[in-house]
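This report describes one chain and the ligands placed with it. The sequence and the structure are shown first, and the description follows.

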Amino acid sequence: MNNTSTSHEANPRRSFFRAIAAGIGSGSLAGLAGFKLLTTQEATAAPLPPVSAEATGTLVIRMQRELEEIVAKRVTPNWLMVVDTRKCIGCDACTVACRAENPTGPAGNFRRVIQREHPAVSVGPWAIFKPVNCLQCDNPPCAKAVPDGMIWKRPDGIVEFDDTKLRGQYARAAAKACPFQLVHVDDGRTFTGDTPAPQAYERRSFVENGKVQTRGKGGASPDVARKCTFCSHLLDVGVLPACVTTCIGGAMHFGDGNNPNSLVNEITGGRRLFTGHSNQGLKTHVVYFEESMPDTTHVDCTVCHY
Ligand code: SF4
Ligand code: SF4
Ligand code: SF4
């Protein structure tokens, strides 16, 4: 997607530091609160909002409190993950946390952080980092590629797989249909399989698709399709997704899009699409604030990495 840089985006790093300075003065996100909540994702791409200067720990505490309120009130949320790529430092801590929470083998992972550098940028070394996981599309192409009932939407927006059926040819069809290559077909291998046997930590149990599983047995056995579920097993018991609590850059935000007072609505102004990023019309539940590179025509990471 091509994008003409706005004056705000012309030097996002400088804007970031200006935002920090402003944030120290205000001490809160209150300056971002004056927004009009939009009800549709078809709204045209909005300019990038200022970078939040709130401390990462403060954001996590707020998100955790919002989640606990949802669990206590037993309301059905509309989960949104908001990723501010301007704050992502590419450390991959979230990827490690995802693997720890959702065991996979050497064939892949539910999450990765992609990097794009541009040699023509004049201001020195420049890279953007973009963490990616299943976008929980409202009209998911993966679901259209397999028989009805194998992939469905939960009322809270999460796309769930039936791991008893989404195997073999169906697993591969779903993976092929995902435009973002975010379906992982588990091949059953372990990192320690020839040492000479898989170590216990690779055979530990975990919860996925509503049940306790072990790699190599049951739902997570070889040739099954797996992917990010926003760590639904954690959400259901009032715990934030592993990648959100682990993000040291403060790039990850998570909460209820139905709540006009939630952090995710505060920082997005109720918008779902921002300049520099295209969700290809799939009405995704992951929203990106994507930074354009200065002095260049914006090239979306998907050109090389998807
Ligand atoms: S991102 Fe891919 S796997 Fe996730 S819902 Fe959309 S099409 Fe399916
Ligand atoms: S929400 Fe959970 S499964 Fe999804 S990328 Fe984050 S840690 Fe991985
Ligand atoms: S933990 Fe946060 S800052 Fe580090 S790569 Fe992941 S999203 Fe980026």
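## Helix H5 and its cover

The buried residues of H5 are covered by elements that include helix H4 (141–144), strand E4 (151–153), strand E6 (184–186) and strand E9 (224–226). The model is a predicted one. Helix H5 spans residues 168–177, and its buried residues are Tyr-170, Ala-171, Ala-174 and Ala-175. Viewed along the axis of H5, these buried residues lie within an arc of 135°, so they line one face of the helix.

The loop between H5 and E6 holds Gln-181. Phi of Gln-181 is near 55°, a positive value in a residue other than glycine. Gln-181 counts as partly exposed because it has 14 C-beta neighbours inside 10 Å, where a residue is called buried at 20 or more and exposed at 12 or fewer.

## The chain as a whole

The chain contains 9 helices and 11 strands. It has 306 residues, of which 38% count as buried. Among contacts in the chain with a separation of 6 or more, 71% are between residues 24 or more positions apart.

## Strands and pairing

Three strands form an open sheet in the order E10-E1-E11, and the pairing is mixed. Its edge strands, strand E10 (252–256) and strand E11 (286–289), each pair on one side only. On average, neighbouring strands of this sheet are turned by 20° against each other, direction ignored. Strand E1 covers residues 79–84 and pairs with E11 in the parallel sense over 4 bridges. Met-81 has Val-286 in E11 as its bridge partner.

Strand E2 (residues 112–117) and E3 run antiparallel and are joined by 6 bridges. The bridge partner of Gln-115 in E3 is Phe-129. E3 is mostly covered, with 5 of its 6 residues buried.

## The shell around ligand 3

Ligand 3 is surrounded by 16 residues, and the closest are Cys-88, Cys-91, Cys-94, Cys-247 and Gly-249. Helix H3 (93–101) and strand E3 (127–132) each provide at least two residues of this shell. By class, the shell around ligand 3 consists of 12 nonpolar, 3 polar and 1 charged residues.

Asp-92 lies in the loop between E1 and H3. Its phi is near 70°, which is positive although the residue is not glycine. Asp-92 is partly exposed because 16 other C-beta atoms lie within 10 Å, a count between the limits of 12 for exposed and 20 for buried.

The shell around ligand 1 has 13 residues, with Cys-134, Cys-137, Pro-140, Cys-142 and Cys-178 as the closest. Its classes are 11 nonpolar, 1 polar and 1 charged.

## Two further loops

Where is Val-75 placed? Val-75 lies in the loop between helix H2 (56–73) and E1. This residue is exposed because 12 other C-beta atoms lie within 10 Å, and 12 or fewer is the condition for that class. Val-75 and Asp-156 are 81 residues apart along the chain, and their C-alpha atoms are separated by 9.7 Å.

The loop between E6 and strand E7 (205–208) is the place of Pro-196. The peptide bond from Thr-195 to Pro-196 is cis, and its omega is near 10°.

Technical notes:
Residues numbered from 1 in each chain as written. Chains lettered and ligands numbered in written order. Predicted model: local features only at pLDDT ≥ 70, side-chain atom pairs only at ≥ 80, totals over all residues. Near = placed C-beta within 6 Å. Nonpolar A, V, L, I, M, F, W, Y, C, P; charged D, E, K, R; others polar. Arc of directions from axis to C-beta. Contact = placed C-beta atoms within 7 Å. Pairing = 2+ DSSP bridges. Axes fitted to C-alpha atoms, helices over the stretch in contact; angles between N-to-C directions.
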